[in-house]
Every structure is written in structure tokens, then in C-alpha cells.
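Work through the exercises below with the model open. Each task is followed by its solution.

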Amino acid sequence: MSRKGSVLGTAMLASVMLLSACGGNSSGNNSGNTASEGDSTTPAVEKVNEFGWKLPQKTTQIHFFQAEKGNPDKINRKQAAFHDYLLKEFNVDIQRSSLDVDPKEKLNLMLVSGDYPEVIAAMDESQISQWKAQGKIIDLAPLVDKYGPNLKKELGSRYETYLDADGKLWGLPRGWGYLPIPDFTAHIRWDWYQEIGAPEIKTPDDYYNVLKQIVAKHPTNDKGEKNYALSWNSDVRIDSALGFWGLKDGYKEDGDHNLTHWLNTAEGKEGLLYYNRFFREGLMDPDAFINKFDDWKIKFSNERIAGHIGPWWQSWNAGHEIWQKTDPDYKEDKRFVQMAFKAPDAEKAYLSAKNTHGWNYTVITDKAKNAEEIIKFLDFTVSPIGTRLMGWGIPNLPESYWNYEGDGKWSFNETQKQTLLDGKLDFEKTETANGSNSFWLAYPQGLLSDDNKSTAWFDQNFIADEKWKKLMNDNVKDTIYDNTEQRVSFTNENPLTIKNQQVEDLVKTGFVKVIMSQSEDEASRNFDELRDKANKLGLKDLEQYRTEEYKKNLALVK
Amino acid sequence: MNYLKRFSRERQLWLLSLPIILWVLLFAYYPMYGLVIAFQNYIPGQSLFGNWIGFDNFVRFFNEPDFWMIIRNTLVISMLNLLIGFPAPILLALLLSEVKSKVFKKTIQSLSYVPYFISWVVVASILFTLLGSDGIINELLVRFGWIDKPILFLGEGKYFWGILTSANLWKDVGFSSIIYLSAIAGIDKEQYEAGRVDGLGRFGLVWHITLPNIRATIVLLFILALGGILNAGFEQQLLLGSPNTRDYHEVIDTYVYRFGVQLGNYSYGTAVGLMKSLIGLTLVITANRLSRKFMQTSIF
């Protein structure tokens, strides 16, 4: 090669290196959330995409099993487009598998047979302890230290609470963070409520009186079938249904953070006697405890219910979302509205308990060939822009929930937003195209740190824009509370696990018996009998255990 | 030596049976090694031969607070199935065998098999439609003025055993009658002719000819049914039961599923299952001996 050629070649190489370095920095700075900051072995020539993600030279493979029941065909349909997008734009081959069987059994089968994937999502603490004891999952702390700047930044001081006593991290949390949207509420048939003048509802008695008035005005539906003032289905959570009396997830807390189960409180008894009154007076749906959701949905959509206690989406799903399609004269007031009230002596109502610690965990098993690359991608998904991508799916398509211009600039797809606000969004069809939330491995559901208002759930981003959701939120926002530290885990090796199950069984059966008592005296007797039985069975031990765990968790966050 | 000679003489028969013997060994006997976990505190993935705890799991079951409730429910449901569900197909087979019209007989026979092939999920749904507080039965009872307010058939435990026994009967009676119908079809027709010549009426023919001829089949099936006395059902309870009826629907199998499988206590679940099988085996052997002694009929 001539000298001239050598100089030209060197100049070209220097230019390419300079340009690529500039490109990398530019994208990274714009998103502010690039992964692999600590990776010193990365070759100089790397492609960085518009999200600031440095594409790995070799495809990163993350084929994971999600330990949750799911229809494999539906899952595959939903993830296909997003998988292809991530492979093309990120060089990450990510695929989820789930089965239509009890995931606990499948995990045990995997453990016994040794046939399990590199990554498993949705493991609970009990399963983690089982897999850890057998050396099947790896400690993620060193990897997070090296390749997880976003994980550490976003989790903040919370990160320490996931480490075990030896400082090891066995799983990354999924769906963590505080999302202040309601779950559990009281509901009322809005148009009927307006008809009777919408009297103020501040206490359980007000709710009872209003529902009674409504049913007096609407004793039957159009087909002549009896209407009920109050109903729920077998999904009802006893602990939440007692939140109107100031109990937090079924427990009363004193000034020293001691927890007392509702059965051992006056508030618990008052709550049960309240519901019993509905039953005694023929105001409660007699099938309330045997209604499976689908059966209940029929009864509900047949306009036989005036009041409901349960998750907010149930009365949406079984009420106006059906009536909009079936009633040609549908008016928007024909719906249920969520509301809250509290017993006069209660400090406040506690209805929607929020565990910011996350639903469960994602682990990396000992089969992982390149755990570093997996962690790098998971770290990217935890960054605000990464969470948006994983939560809202592919951007810039007509079916997309959002548009992304690069340089960290994004906006919601106004057409989809409006369709959602109009109540006409076909989630299944849309999400098959954009893959929203198909690969939820480590990112939060709480508000994102860069704007403190976006969440990975697309439809929960517009509460203030949507009239009825705003009304719901305004009505019940004070009943949402953070109960992260009240979380408790009953692992297989915990000697109290069986006792807990036995007490739960007893309480579930006894709860029904008290409410379905024929007189107030009988209900009171049944309550006392249930309390004594539960205490004999070990409820006091469970109270003590929960209190100890609660205090331990509180100490951890201080 | 006698055995060898006999084996040699019957070698073609043994050869024919070989696939079945292999099947039984592979799928019925080989998995039994797993029963050892009943005597351990087994954790999936760990060795099958460690952490021995003797009979602790068995003792634990007997000390469970719900032990007597579970045993009572299991035995009552099984006994009801045995007392009502066992003679019903015999009766149906006898009735069908008396029907002269072939078309009618075949139609009834086929219709009676249909429920057997309906899954419990569908049966549960039918029962909810029939017996719910707004179900057809309650509607009729209220309309005729026999009751003021609906009866909570599915919401009160006291009705559970009756509903379950009726559903089991409806589902199984037709299919279970097949074996008796084939036994009846095998009876020599000359016996009936001789009976008629001797002056026997229809009931006489059934009592003196049909029933004695199918006695061996009845005894055989009764002995086998006794072996399953602790199998009181599983899907039925899970689908039809609710917290309201738990005191009446919880049986050994549902208990093993919830406390053994769902809570991950496989050893405990296996111990209770093993105990159940051993009781069943003991009952089969006892019934077989008694039958051999008093009725000169046995299955082995």
C-alpha cells in the first residue's frame, strides 16, 4: 500500500470511529437511559438505536416461562409482532411461554426434570426459596451492580429491600411502584341513584338506605325478575369489604404497629352485621357467594342489581360495556359509578391496598449462557423510555398506543386515545398489532420517574381526561393506600402456612354463615363462634407473625 | 417345575398377554416407587432418598382439625353412591331387558348413556341453571305457591349430598348398566322357556333366572366398588362446592389437592393418598374373601 493510501485509510477509519462515538453519545444522552454503562468490553463500533439501546453483536435470546396461567395461542398471537420488532430494532429475541395449567405444578415439574429455561417470570417468594435452595437460580446482585444502572436508579432505596441477609438478589421485581388508581370500591347504579335525587352517601348506613330506596322504586327488571340492592360474586375479598370500617386489608393497626385480625375487632363484627342486614331483609342477592363471575355478569347485565361491592372493572365489564352494545337507546348515565364511604367511627376507609414491592419476581436460572446480556436488556426496560416501549408496545403504527420520534420525544396516538375515551377500543385487536405488555419481566407499573404521571398500563394514563374514570377517582382516591410493608409471605417451609390455609378456609365458610344468618342475634352468635374457632385454630399465632413481619418491613424502609 | 411346564404349555397365551403385562408394569407398578415420599419431607428436585420422617405425615392427617369432617363427608357421599348408585344400573338393565320394542329399547339405552359423556363443567352449569335461586326449580315452586322465597339449594350445605348423589346417578346410571345388559344378554334363552313352562311370571323369571345368572357380575362389581369407597369424587366438589357448602363437600381428594398439591406439600398429599388406597385394598380383599366364603364367587 502506498503512503498516500495508508493516510487516506487511517483518516477514513478515524472519521468512522468519531461519527459512531458521536452517534452513540447523542442517542444515549437524549434518552438518558442507556444500558450497559459499565460494560468495558463492548467493541468500539456499535449500533445504537433511537431508544439509546446499543444493539448486541450477537442476538440476545430471552425465551422465558411466565408462571401464570395463560392460553398459549393467545399469548403467541399477541407477542408475535412485538417479538419481530424487538428482534429487528434491538437484536433481542424475546419470547414468552405460559400454559393453561397450574403454573406451580409446571414449575415443580421443571425443577424435578431439570428441563427449564434461562429465565422464569412471575415466581413468588416461596418458589424462589425452593429454587435457590437447590442452586437452580443465580444471584443477580453482581450483574445489577455492573450492568443495571437503571435498575438501581429506578428502584432507589427500595432496591435494598429485595436483597437477602447475605446481600444477594435472587429475583427482579415485576410490576413494582405506586400506582394510585382504585381497585376495590362500592358501586351504585348511577341513573337510578339520580332518579331518587342522589342523596349524599357518607356512611355504610347511607349506602344501605339509598340502595333500599332504589330497589323500592325498581323492584323487578323488565322481565319481572326480582332486583337486589346489593350483590357481589365469589371473587369478593372479605378483607377489602371490611375496609369501610377502617380496617387495612382485614387488620386493625394500633399505635405500636400491632395488627389485629378483623375477627378480633368490634369493627369486623359491625361490618358483618351490616351485610347480614341486607341478607335478612331480602336485599342481598342470595347467590352472592356462589356466583362465578360469568354467571354474575348475566344477572348484572340483566339489570337486577342496584349496588355492588368489588373491583371497579367488574361493574364496567358487566354493566355499561354490555349495555352500550345491546341497548339501542343507551344513554351514558346508565352505568355504575364507584364510590366510597366510611363508618362514622373509622378514621377513613381503606379499600385499595397497594403493594409497591411488586407482584412477584423474574429469575435467571443456572442455564443462562449469557446472563449479562439478559440483565442489560432488563435494565433497559426499567428505564422510563424502556418501560413505555414494553408497556405500550410498538410505536408509530396506526394501531400503536404511542408515537416515538427519537431523542426521547414521544406522544400518545390521539386516535387510539380518543377511541379509548369513547369506550370503543378493541384491546385484543389493537394489542395483537402492538404487543403491549407482552414481556413484563422487570419494569414497574407505578408512575414513571421522568414525568411522574405515565404508567405502563396504557388505559390508566387518561383518568383525568375520561369523565367517568375521573368521577370514580375523585370519589375514591382517599381510600387508596400503600400497604407494601404489610405484605407477608407464606413459603412452603413456613410452619404457619398450613395453619394460615386452615384459618382462611374456616373464615371463608364462617363469613358466609354469619352473613346468611336469619336474625341479628344468630349472626352475632355465629360471629362469636367463628372468632373462637379461628383463635383456637391459631389465628393469634398468625396475627403475631404478621405483626412481626410488618415491623420488620417497616424497619427495613426506615 | 409344575409352573414351568404350565408356562410352556400356555406360552402362546402368555405371549398374547405380554403387551398388557408390560403396560401394567410400566404405568401401574413402576411409578409406585414415588410412594416413598409419603415417609419423607420431600422437596421437588431433591433426592428421593433423603429427609425421612417416618409416619409423621400420616399422624398429621389424623390430627388435622378437619379430619372428622373430611372422613364423614367422604364416607357419606360414597355410601350414598353405593346404596343408590350401585343398584340403579342393575334395575335399569332389568327394565330395559324386559322392553319388547327394539326401537324403544335402543333409543332409551342410547339416551341413558349420553350424560356419562358430558363433562362435569357442563353438568355444574346445568345444575346452576336448574337449582340456582332464580333457577327453573325455584321458579316452579314459587309459581305453584309451594314456597314463599327461593330455596338456596346450592347455597346451603344440607342439600349438597342429595344434589351430588342425584347428579352422579343421572350421569352414570346408563353407562354402568351396559355391563349388566351384556350379562343378561348372555343368559341362555332356554332357561326362560323352562321357567315359563314351570309357571313363572315376569317377576318370577327376573327373580329366579335373570338375577341368579348375573350374580357373579354383580358381586364382582360390588367388590370393586367397595375398593373405591374412599373415592367420593373430586371435580364435582370443586365445581359445585362453594364456601357455603365446604362443611359438606370437602372430601379426602379435594383436601389432598388443596393442602398437598396447591400448597406444595407433596409428601403429605402422597401419604393421605396412600392411606386411602390401602384402606381400599383392604376392603377389596375382605369383601372378596367374604364373597368366596358365603357366595362361592370371587374375583381372585
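**Exercises on chains A and B**

UniProt, in an unreviewed entry, places the feature "transmembrane region" at residues 12-30, 74-96, 116-137, 216-234 and 266-287 of chain B. UniProt positions are given in the numbering used here, feature names are shortened, and annotations may be inferred rather than shown by experiment. This is a predicted model: local features need pLDDT of at least 70, side-chain atom pairs count only at pLDDT 80 or more, and totals for chains, interfaces and linings use all residues. Residues are numbered from 1 along each chain as its sequence is written, chains are lettered from A and ligands numbered from 1 in the order in which they are written, and side-chain values use heavy atoms, leaving out hydrogens and water.

**Exercise 1.** Find the helix content and end-to-end distance of residues 12-30 of chain B, then of residues 216-234.

*Solution.*
- Step 1: Residues 12-30 of chain B are 95% helix and 0% strand. Their end C-alpha atoms are 26 Å apart.
- Step 2: Residues 216-234 of chain B are 63% helix and 0% strand. Here the end C-alpha atoms lie 30 Å apart.
- Helices (H or I, at least four residues) and strands (E, at least two) are DSSP runs, numbered from the N terminus.

**Exercise 2.** Describe the fold of chain A by its helices and strands, and by its buried share.

*Solution.*
- Step 1: Chain A has 20 helices and 15 strands.
- Step 2: Of its 558 residues, 55% are buried (under 20% relative accessible area, 1.4 Å probe, protein chains only).
- Step 3: In chain A, 75% of the contacts with a separation of 6 or more join residues 24 or more positions apart. Contact means heavy atoms within 4.5 Å.

Conventions. Buried means under 20% relative accessible area, exposed over 50%, partly exposed in between (1.4 Å probe, protein chains only).
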